[in-house]
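Hi,

Here is the structure I promised to pass on.

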Amino acid sequence: MDHGHPTIRKTEMQASLSTSASKQWAALVTDINSACDEMKSVGVTFVRPSDIAMSGALLGKGANGTVRRGTLHAPGTPARDVAIKMIHATGIDDIKSDLVEFQNEMLMNHRASGRIREGKPSRIAETICCAVEVVCDTASVRFLIVMEHVSSGKRNSQDVADLIQDDRHWKALRYNGVDTGAKLSSGFIETETDPIQDVFAYVMSRKRKLTLAVEIARSLRELALSDIVHLDWKPSNILAVARSGTHDAERACPLVKLIDFGDATTVAREHEPTKTLDYTTGTPGYSAPESEYGIALLATDVFSVGVTILELWVGCLWHGATSERGYHEERMRALQKVERSDPMVASVLAECLRPDPATRPTATQLLHRLKKIQKAR
Ligand SMILES: Nc1ncnc2c1ncn2[C@@H]1O[C@H](COP(=O)(O)OP(=O)(O)O)[C@@H](O)[C@H]1O
Ligand SMILES: [Mg+2]
């Protein structure tokens, strides 16, 4: 299902572009074509934009694009339910930077999801194909990334952040200024800052936390085996899947899938373990200290996964910090809470959060440690 070069819609209005603008525009189209050729040379499949019907519900919105449910009608293959990430760029500069991002996201996700082994469920969302549509009359470009639709069994997708925030995991101990009489069954208490001081306990069961943490560590290990670092691990980039036979990702035995490869990069494990990037990556609070210096290595992801699991444990990690120092303090405060209730988990998370990447556990070690804790009780 490969359809050559991007679709270019020309209209009358193109004639009104100034000569210099049309030269720049022509150069941009050449850049887009060569980026697409480069992607095809490593096996990325392109379809026509008209093969993709973006008819379904809005699944999510991120910093870079919108993701909708839709159908892929590629010639010669049955129609398939998919998720489509659309990055819509207008103006030469935005198009140039979005092209770089689109190419990186597509290549990295393709490389990571290309490793799926027969019979084993992958914990990385699969990219299927992509399309590029250049619209000359509005000087804009639509980049479309077609992925497997990760279904939570509900209308919208559900990520680990949604699971943490689910009402079922929060018990009101004091509400509207009145004690509810609920029994305290959690060491993770949150107080609202409003004057009436509502108090909530985060009560996700330890068993569920461990199941999810092991799933996340499996996803991390799968990615590490492709020598790719994601560089933006956080609860909202990990989707929960409803396994077959159930329609509710929350109740089902969970399976998670990693998405959003916009910041990802490759690392050569054996010869060159560290890579220096010329772009900033990650999300404040979740990023490892070395990210600030553009350094990326497998252990960089271990740090962010540690923060993600820490958040899963305490329910609410951030209390308004805005500086690196502030994020560090909030992480350490949460870690102390875990230490009091669950020292085995706290000890492995503390290792993931070590400032020196060389002393953090590997993905495989993290997975084994979590599995061991899971078996211990
Ligand atoms: N394959 C998918 N299946 C279902 N929902 C998805 C899929 N990919 C993304 N989403 C939804 O779209 C949101 C934004 O996607 P993401 O790739 O994280 O975009 P951004 O780079 O803008 O953060 C996600 O948080 C999720 O809710
Ligand atoms: Mg995202």
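Residues are numbered from 1 along each chain as its sequence is written, with chains lettered from A and ligands numbered from 1 in the order in which they are written.

The mean pLDDT (the predictor's confidence in each residue, from 0 to 100) is 87 for the chain, and 87% of the residues score at least 70. Helix H7 (residues 343-352) has the highest confidence, with a mean of 98, and strand E1 (residues 7-9) the lowest, at 66. Helices (H or I, at least four residues) and strands (E, at least two) are DSSP runs, numbered from the N terminus. Where pLDDT is low, the predicted coordinates should not be read in detail.

Ligand 1 has 22 residues around it, the closest being Gly 60, Gly 62, Val 67, Ala 83 and Ser 157; a residue counts as near if its C-beta atom, placed from the backbone, lies within 6 Å. Strands E3 (58-61), E5 (80-90) and E7 (140-148) each give two or more residues to this shell. By class, the shell has nine nonpolar, nine polar and four charged residues; Ala, Val, Leu, Ile, Met, Phe, Trp, Tyr, Cys and Pro count as nonpolar, Asp, Glu, Lys and Arg as charged, and the others, Gly among them, as polar.

Now the helices. H5 (residues 298-314) packs on H6 (residues 324-341) at about 55 degrees, with the axes 10 Å apart; axes are lines fitted to C-alpha atoms, for helices over the stretch in contact, and angles run from 0 to 180 degrees between N-to-C directions. Residues in this contact (C-beta atoms, placed from the backbone, within 7 Å) include Trp 313 of H5 and Arg 331 of H6. Seven of the contact residues are nonpolar, none polar and two charged.

H6 also packs on H7, at about 145 degrees and with axes 6 Å apart. Among the residues that meet there are Glu 339 of H6 and Pro 343 of H7.

H7 in turn packs on H8 (residues 363-376) at about 170 degrees, with axes 10 Å apart. Met 344 and Cys 352 of H7 are among the residues in that contact, as is Arg 369 of H8.

Best wishes

How values were computed
This is a predicted model: local features need pLDDT of at least 70, side-chain atom pairs count only at pLDDT 80 or more; totals for chains, interfaces and linings use all residues. Two residues are in contact if their C-beta atoms, placed from the backbone, lie within 7 Å.
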